[in-house]
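Okay, thanks for coming, everyone.

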Amino acid sequence: VTPLVLLLLTVLAGCGSGSPAKQGAPKIAVIISTLNNPWFIVLGNTAKEDATRLGYDAVIFDSQNDPAKEAAHFDNVIASGYAAVLFNPTDADGSVANVRRAKQAGIPVFCMDREINATDAAVSQILSDNYSGCVALGQYFVKQVGETGKYVELLGLVGDNNTWNRSKGFHSVVDRYPGLKMVAQQSADFDRAKALEVLEALLQGNPAIDAVFCGNDAMAMGAYQALVAAGKEKQVKVFGFDGADDVVKLIAEAKIEATGMQFPKLMARTAAESAAKYLKGERDFPQKTPVAVELVHRGNVNKYGDYGRKDAK
Amino acid sequence: MRGLRRLIIGATIAAGIAVLLYFVPLFHIVPLNQAGPHAANATFDPVSFVDKFWTERLIPAASKAVDAAQLVAAVQQDPEAARQAHGHSVGLGSTYCYLVSGTGRVVSLEKDSVRLSLLVGKRQVQVLLQTGNIFGNVVRDGTGLLNVNSFANSQDFNALSAEINRRIEQQVLPQLRKRAVVGVSIHFVGCTEITEEDSDLQPLRVVPLLVEVQAP
């Protein structure tokens, strides 16, 4: 997948050129927390495509999970006269100041997927209902693993609300079963390579685990890779979250148990359409719009793909 | 003499820095589960919120519940019209939650549920009243009384579900488990969610809020 990611990044590096938007069209910035993850590439690309379709000149900025880079992007966006920002924050607290600066400069911000800890800064926040998605995932986890067993949890970035909404949703179910023991809980920063490394190390001390719960699909892919390397992929059940295409395919192949389908395309499209309406004068937006996460497992995997439901209107 | 003076000044500065660092440490080491922004919602008290919500808003809303058998018929006939008329959904998604009521006869007791049969005219509708651990947002969202935008962050909104569910487990389910036997009639008010019309209607899974077990 790494060459694929590099290829996509190369394509993204040229974004802004060749867009069908008219010359001199208002510019919309798409600021994404990281493009080192296919799910966020889909979120960013869809936001850009939809903004372009709506007549704007859209440019993607990659914050590389670095709040300092994100702040620099906002400086650039404010100085360059962008009309709006479609924003996927790096940090629920740390990103608030950037949104406020844009607001003061008269630039509306629309958050996608990740929440900021302020309700008076962004125009609206289109958010994945991570907690509820992981409640459903937790119930499926108990059904598949059973009411006794040992598992490892790989957390995402510890500064991100989604990391904890997912973890808390999962534990709100699994902790009700005292026979299910979490033998390790460690952050792998939502990163595939780091998840591979972290799980390889954890398997040394905990060779007899039954399952791994991962806070996103990139980590689920890394975890699965570590299990294959250790020859344990058949005895350890892997659960992810995101609905990334590679994980959905592995669920269909019975290699990964389940994931929570978030809808990056739906979120990006809703944010882009909200920005267009705002720029045409509409001001009545709900501050938060949760987007339901749907459980994808072997029994219903045929209904999902391409980062959404196949029967979506 | 000069060396001693330097030593005293050095020691004084070091002691000053040590005292300063004691009160203003450069970093804190905290366990993972206490790190991050999730620790910021300490001011919201879901227990007292739900306490008030339950008596002042939820129980009075029970009279507005749609008849469970009517809902099943309405969804089978026109799912979109049924959603618009009776359903509640928070944000965007294909799941809709409903506040329902009905009276049915207990036909079986299962591991985490009581199966009821509701006879409406010639139609028979099966309802599974949940009696095990309650998870998810079906009650929070099923009444349509709570708005995510009234809460500071999504963690507070989610804490409501956990508290509502805990309350149902402690105050509603023990009576139901104790008194439900095959053959008795039960009147219930509760919430249900429907995602897939082809699998979520028969039986209709209901998280009960109010139950009255009638003598056989």
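Let's start in chain A: the axes of helix 3 (residues 67-79) and helix 4 (residues 96-104) come within 10 Å and cross at roughly 5°. Axes here are lines fitted to C-alpha atoms over the stretch in contact, with angles from 0 to 180 degrees between N-to-C directions, and helices are DSSP runs of H or I, at least four residues, while strands are E, at least two, numbered from the N terminus. So helix 3 of chain A is roughly parallel to helix 4 of chain A, meaning an angle under 35 degrees.

Quick housekeeping: this is a predicted model, where local features need pLDDT of at least 70, side-chain atom pairs need 80 or more, and totals for chains, interfaces and linings use all residues. Residues count from 1 along each chain as written, chains are lettered from A and ligands numbered from 1 in written order, and side-chain values use heavy atoms, without hydrogens or water.

Contact means heavy atoms within 4.5 Å.

Over to chain B, which has seven helices and six strands. Of its 216 residues, 44% count as buried, that is, under 20% relative accessible area with a 1.4 Å probe, protein chains only.

What about the interface? 38 residues of chain A touch 29 of chain B. The buried area is about 2,600 Å², with carbon and sulfur atoms giving 51%; that's accessible area (1.4 Å probe) lost on putting the two parts together, summed over both.

How values were computed
Angles under 35 degrees count as roughly parallel, over 145 as roughly antiparallel, 65 to 115 as roughly perpendicular and the rest as oblique. Buried means under 20% relative accessible area, exposed over 50%, partly exposed in between (1.4 Å probe, protein chains only).
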